[in-house]
Amino acid sequence: MGVFNYTFHWRPAFQALPAMLEGALVTIQLAVLSMLFGIAIGVVLSLMRGSKNRLLSGFAVTWVEIARNTPALFQIYIAYFGLGQIGIRLDSFIALLIGITFNNAGYLAETFRGGMRAVPPTQTRAARSLGLSAVDAYRLIVLPQMFRVVFHPMTNQMVWAILMTSLGVVVGLNTDLTGVTQELNVKTFRTFEYFAIAAVMYYLIAKFVTLGARAIAWRLFRY
Amino acid sequence: MIDTALSANDIWFLVQGAGWTLLITAIAIVAGTLLGILFGVARATLPGWSTLPLGFLLDIFRSVPLLIQLVLANSFIPILGIRATPFAVSCLVLALYTSAYCAEIVRGGVLSVPLTTRRAARSLGLTWWQDMKEIVYPMALRVMLPSWIGLTLGVMKDTALVGWIGVIELLKSSQILITRMANEPLFILCIAGLIYFLISFPISRLGARLEQRWRDND
Amino acid sequence: MKWMPLAATAALLTMLTVPQAFADKLDDIIASGVLRCAIVLDFPPMGSRDASNNPIGFDVDTCNDLAAALGVTPEYVETPFPDRIPALVSGRADVGVASTSDTLERAKTIGFSIPYFAFEMVVLTKDGLGIESYESLKGKKTGSVSGTYEAIALEKDVTAWADPAGSFQAYQTQADVFLALAQGQIEATVVTSTVAGATIASGNFDGFMMGGKAPYEIDYVSLIGLRGEYGLINYLNLFVNHQIRNGRYEELYKKWVGEGEPPNLMIPGVYY
């Protein structure tokens, strides 16, 4: 009984490393794309939310609140099987990308809103009275300060995006790191070995992102 | 009227699923918060090198997808010869997962109290414990509570993943219903989503209100 | 008497370890009073849920019979297909009553009983897609449950056809495969004829239809246990033998599949 009931098979597991590394690349690709789209949509949503138009702000509020108050897994499942019911058939990769982007955009919109609030309007007025154009005032005074405030939450969201990519397996994705790992698992039934290797890879990817972000922050934000 | 094959029985099935979601959330949050306070205070007050291993361990829980953590624990715990239900495994993993995030919140909270304030307290004759209880706790709470509410909601939503290892929580129960009523996945999923929303939204509003009020008072 | 605690500890250790050294899985099951069956519940008529969402099906009844024979209470560990064997290997279940095909690859990891059921594979598709035979799957979007007998065979053929329009998609549960077929994410799947029949008959899916037989070997499925648990596997063999001998196999076939001759479990021309 006990530990000795199970023999670890590490040799075949390590042989799968190249396939898993390829999966890791897809994972990184998904996370990066979802962040780029997420940032773009997030900015638009945060501007819409501040708008006087009730329809625009209502749309933004609905998006943000659904993204923040339902599970990411639910959002991804909806993107694949929910939209499928009304005839929108998406590829697993695209459905996952849409699910994570939806989530990213919702959280980032709130981050950006907080960032905008962090720069007092008096500064813009001061900049304008010093003769800067509205665009220049925004570009030179507001944005750099805002970026400083939102940089850290954005890094966190990037790590979240990486973690969320693991959910693609529920909508049939088998090319990302978790998908590849699960394929290996169902063929060899060596759950622990393969998933342990995957865990190490996710850890390294996440570390790479946080350390990279720290280096960028150090380079950009020192006085 | 909405034309659906969903019966009262099935709604009850979903509500039961929501019950498991709430139960696992409650256990994970209570256990995770207690552990998190312990880890966080240790990380904030003990010398840096001594808590480095702890910091590394907690970092793992924050850097590896929860799904992978659940699968690993679910396969490793029985290898150790311990019989554990998926429910117990879920609670354990989610509690540790919660503690890892909570430790960071607590550490940030404790460190947000200026060291000079604490030195002043100690030089007025307060013990370490009194300093923690009377000075650090009330000041740090303002920094910690909004994040902690966010963490609670995050963990509640993350419980959706325990369906993967066989706990029939809210999302899993909706998927089971879809097996029988394949013509209306969107409708059933939306009900599940609505339940999540109804649990999460009021708490998140409360958190935002608290944050707002404290900011205005500053 | 310094040696007393030591002797007591030694005695205790002996008591704890000695019986364990002889106890195998079969003893453990009987001693614990619980039989944990890994069961797949989105695979009607073998395993599914009734209107009150309780587990039912051929496999559920078989698990109940096995537990009754052992004199213990059954406990169902619901596993999606890909998780059946990991559940056994990692000790979350004692036996698998989960329509498990007895492939040689799997036999490297787990032990099989003699077959307790046999399937023929058919193409399941939707009307209007022009799929009438297995060969017409060429160039179509197909899918199945990750790691199953039929998934491995289908994926192999899709790869061999090498038609750029064709694809194979693996899902984690049978339910997701049916849903994907219903919604058009895939155009066809290959499943056991019993499951295809039950799924079409259930009326849950509009337009589902059979698309001809799949030219695979007959898929014999077995009960599964850990590879080294000979005592348990012996018991499972005799249990299957008795189920057929006493007519229970036929009875369960009638109850879950319908009228007609239950599949012959003898493999012609060879000893098991």
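This is a predicted model: local features need pLDDT of at least 70, side-chain atom pairs count only at pLDDT 80 or more; totals for chains, interfaces and linings use all residues.
Helix α5 of chain A covers residues 92-118, and at 1.5 Å a residue its 27 residues should span 39 Å. As a reminder, an α-helix has 3.6 residues a turn, so residues three or four places apart point the same way.

Now turn to where chain A meets chain C. Here 17 residues of chain A are in contact with 18 residues of chain C. Which helices of chain A each supply at least two residues of the side that touches chain C? They are α4 (72-85) and α8 (177-188). The largest share, five residues, comes from α8(A). Sorted by class, this side of chain A has eight polar residues, six nonpolar ones and three charged ones.

Finally, hop over to chain C and find W161(C), which sits in helix α6 (residues 149-161) of that chain. Is W161(C) buried, exposed or partly exposed? It has 14 C-beta neighbours inside 10 Å, so it counts as partly exposed. Setting aside neighbours within four places in sequence, W161(C) is in contact with K138(C) and G166(C). For a sense of distance, pick out N53(C): it lies 108 residues from W161(C) along the chain, and the C-alpha atoms of the two are separated by 41 Å.

Technical notes. Residues are numbered from 1 along each chain as its sequence is written. Chains are lettered from A and ligands numbered from 1 in the order in which they are written. Helices (H or I, at least four residues) and strands (E, at least two) are DSSP runs, numbered from the N terminus. The expected span of a helix is 1.5 Å times one less than its number of residues. Two residues are in contact if their C-beta atoms, placed from the backbone, lie within 7 Å. Ala, Val, Leu, Ile, Met, Phe, Trp, Tyr, Cys and Pro count as nonpolar, Asp, Glu, Lys and Arg as charged, and the others, Gly among them, as polar. A residue is buried if 20 or more other C-beta atoms lie within 10 Å of its own, exposed if 12 or fewer, and partly exposed in between; C-beta atoms are placed from the backbone.
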